[in-house]
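Here's a quick briefing to read with the structure open beside you.

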Amino acid sequence: MPAPSLDSTRARGAFLLLGSLALCLSNGATAHPAAAWLAPVLLLRFAVTTSPLGGTAALALAGAVASYVSMLGVIPIAQAEFLVTCVISGLLGTLPYLAHRLLAPALGSVAGTLVFPAAAVALAYALSLASPFGSWGADGYVQAGFLPLMQFAAVAGVWGVGFFVFWCASASQGLFPPGPRRGRFAFGVFAVGFILALACGSWRIWRAPEAPDGVEVAALSTPAGLPDRFFDGCAGRDDSTCRDAGAWKRIDALFERSAAAAGTGAALVVWPEGSAQYDAPLEAEFVRRAQAFVRQHGVYLVAGTLRIPVDPAAAMDNQALVFEPSGKLAFAYRKAVPVPGEDIVAGNGEIPTLDTPFGRLGVVICFDADFPARVRQAGRRGVDVLAIPANDWRAITPLHGQMARFRAIENGFAVVRAASNGWSVIADPAGRVLAASDAFRAPGGIATARLSAAAARPTPYAEMGDAFALGCLLFIAAALLVVLARRLVHRRRQATASA
């Protein structure tokens with residue numbers, strides 16, 4: 001009895017069903033690295049064995065459902081807007097499959113396998129430029145546990161990591177029976193490229209120096225028992241006595257935890273985003289107290305602060321104040337990119353730096369770090385340690401913290417990310433987690449580790465930026481021109497032959 005065809009209706013249905021289930025586990029809050037590799041293999045097989053119109057409609061529905069499942073609670077927008085976003089995401093997600101279906105057959109076995117990953121990267125990159133959410137949703141982030149592959153981000157950014165995931169899907173299509181010999185050759189080309197990337201990544205990790213002689217750094221989460229806002233519990237937002245008491249209660253707790261970190265040898269202490277909260281008149285007194293603290297303990301302090309006006313309609317001021325052990329306020333960095341719906345006074349996006357005994361220090365705040373091109377300026381300015389005061393919520397923990405590790409690899413610096421709610425992490429320039437603390441599991445935790453300026457190193461990405469993603473865009477444009485030109489030539493030959 002002959003074996004059932006993999007192109008039969010039943011087989012196509014199985015590819016679609018299993019691929020859709022895997023797609024729901026391929027990104028966002030439900031992400032699993034293995035599912036991210038499996039889903040495009042199955043869905044691309046479905047796409048190439050189904051009519052373009054029917055296949056596109058099915059893939060759009062699968063993508064919309066997967067977006068809803070994986071991004072529920074992740075994207076902070078109203079439910080109606082979220083549903084519309086999921087539908088749009090599903091429709092856009094079909095474009096790489098359509099590109100493969102229409103362009104790959106005309107480019108040959110090896111070049112044809114590059115269409116799908118190049119289209120996927122080009123789409124993700126274009127969305128990162130047009131979307132207010134930056135690089136959120138980039139498929140490379142899901143591979144945060146695959147450290148050797150993550151190192152490719154030092155060359156191509158997070159986009160390059162995702163490229164290999166999608167290249168595997170298109171290259172493996174030639175392995176489905178009765179795949180032609182050239183299909184197996186194309187998979188071999190992918191395998192060689194993948195193995196080389198892993199080998200280079202492993203070598204980069206191996207040569208990354210340890211920091212036995214480095215300095216201790218500490219990333220705080222908000223001390224346990226404090227409300228999210230310093231005026232919570234007050235009779236009204238205009239109750240100045242209650243507001244002042246709430247502000248100093250938070251500040252006292254932060255300095256107490258910072259003293260504990262300094263007591264264990266920390267030379268750099270990073271507070272979470274907006275952890276010190278107060279009204280404008282209290283800021284001068286807070287600065288004086290911070291100056292006294294760093295002089296007493298001989299530490300550098302990156303203090304996440306938030307001025308919340310009494311008027312709820314007025315914008316908040318979200319800053320990181322950086323103090324030197326001498327007591328000098330070195331600089332104040334204002335958050336540059338508000339999360340959609342966050343009413344703050346936005347900064348200019350320039351990343352200031354400060355030279356310290358443990359290297360050059362730079363600062364961005366939370367959401368700013370989700371824009372690779374913005375963070376790249378720190379890499380080009382020779383930053384050795386990037387402090388990231390942050391504030392997350394449960395649905396994006398630990399995903400958002402994992403994303404910061406890619407900024408470390410891309411730019412060759414260490415990151416010290418302190419999250420009030422969520423995952424605080426200290427990672428070296430190879431993205432290795434040196435210490436971490438989950439505020440949802442252990443409220444008030446402190447992550448501590450040793451860092452050395454000698455560990456920092458320049459990277460191709462810091463110099464070239466998103467050249468790889470732009471190359472993918474150009475490749476798709478060139479492939480489209482080649483296919484259109486060939487069709488035009490073919491039509492002219494047909495017209496000449498029939499004349």
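Let's start with Arg-288, which counts as partly exposed because its relative accessibility is 47%, between the 20% and 50% cut-offs. Keep in mind that this is a predicted model. From there we move through salt bridges, a sheet, aromatic pairs and a surface patch.

**Salt bridges**

- Arg-288 pairs up with Glu-285 in a salt bridge, with 2.8 Å between the closest N and O atoms.
- In total, the structure has 15 salt bridges.
- Another of them joins the side chains of Asp-279 and Arg-243, at 2.4 Å from N to O.
- Asp-279 comes from the loop between strand E3 (276–278) and helix H12 (283–297), while Arg-243 belongs to helix H11 (residues 240–263), so this pair ties together parts 36 residues apart in sequence.
- Buried or exposed: which are Asp-279 and Arg-243? Asp-279 is buried, and Arg-243 is buried as well.
- Asp-355 and Arg-360 make a salt bridge too, their closest N and O atoms being 2.7 Å apart.
- Here Asp-355 is exposed, with a relative accessible area of 52%, and Arg-360 is partly exposed at 29%.
- Then there's a network: Glu-283, Arg-307, Asp-317 and Arg-334 are joined by salt bridges that share partners.

**The six-stranded sheet**

- An open sheet is built from 6 strands with mixed pairing, running in the order E7-E8-E9-E10-E11-E12.
- Which strands stand at the edges? Strand E7 (353–356) and strand E12 (433–438) do, each having a single partner strand, so one side of each has no neighbour in the sheet.
- From one strand to the next, the twist averages 20°.
- Within this sheet, strand E8 (residues 359–363) and strand E9 (residues 385–390) pair in the parallel sense, over 3 bridges.

**Aromatic pairs**

- The count of aromatic pairs comes to 26.
- One of these is Phe-15 with Phe-176, an edge-to-face pair with 5.7 Å from centre to centre and 90° between the planes.
- Phe-15 is in helix H1 (residues 9–23) and Phe-176 is in the loop between helix H9 (153–171) and helix H10 (181–207), so the pair ties together parts 161 residues apart in sequence.
- Phe-15 and Phe-176 are both buried.
- Tyr-278 and Phe-286 are a tilted pair, because their ring planes stand at 35° with the centres 5.4 Å apart.
- Both ends are buried: Tyr-278 has a relative accessible area of 0%, and Phe-286 has 0%.
- There's also one aromatic cluster whose members include Trp-37, Phe-146, Trp-167, Phe-194 and Phe-468.

**A nonpolar surface patch**

- On the surface, Leu-61, Val-65, Tyr-68, Val-69, Leu-72 and Leu-83 form a nonpolar patch, with about 500 Å² of accessible area together.
- Which helix gives the most to the nonpolar patch? That's helix H3 (residues 52–71), with 4 residues.
- Leu-72 lies in the loop between H3 and helix H4 (79–92).
- With a relative accessible area of 43%, Leu-72 is partly exposed.

Notes:
Residues numbered from 1 in each chain as written. Predicted model: local features only at pLDDT ≥ 70, side-chain atom pairs only at ≥ 80, totals over all residues. Heavy atoms only, no water. Patch = residues over 30% accessible without salt bridge, like charges linked within 9 Å, V, L, I, M, F, W, Y side chains within 5 Å. Areas by Shrake-Rupley, 256 points an atom, 1.4 Å probe, with all protein chains shown as cover. Salt bridge = Lys/Arg side-chain N within 4 Å of Asp/Glu carboxyl O. Helix = DSSP H or I, 4+ residues; strand = E, 2+ residues; numbered from the N terminus. Buried < 20%, exposed > 50% of the residue type's maximum accessible area, 1.4 Å probe, protein only. Phe/Tyr/Trp six-rings, centres within 6.5 Å; stacked < 30°, edge-to-face > 60°. Pairing = 2+ DSSP bridges. Axes fitted to C-alpha atoms, helices over the stretch in contact; angles between N-to-C directions.
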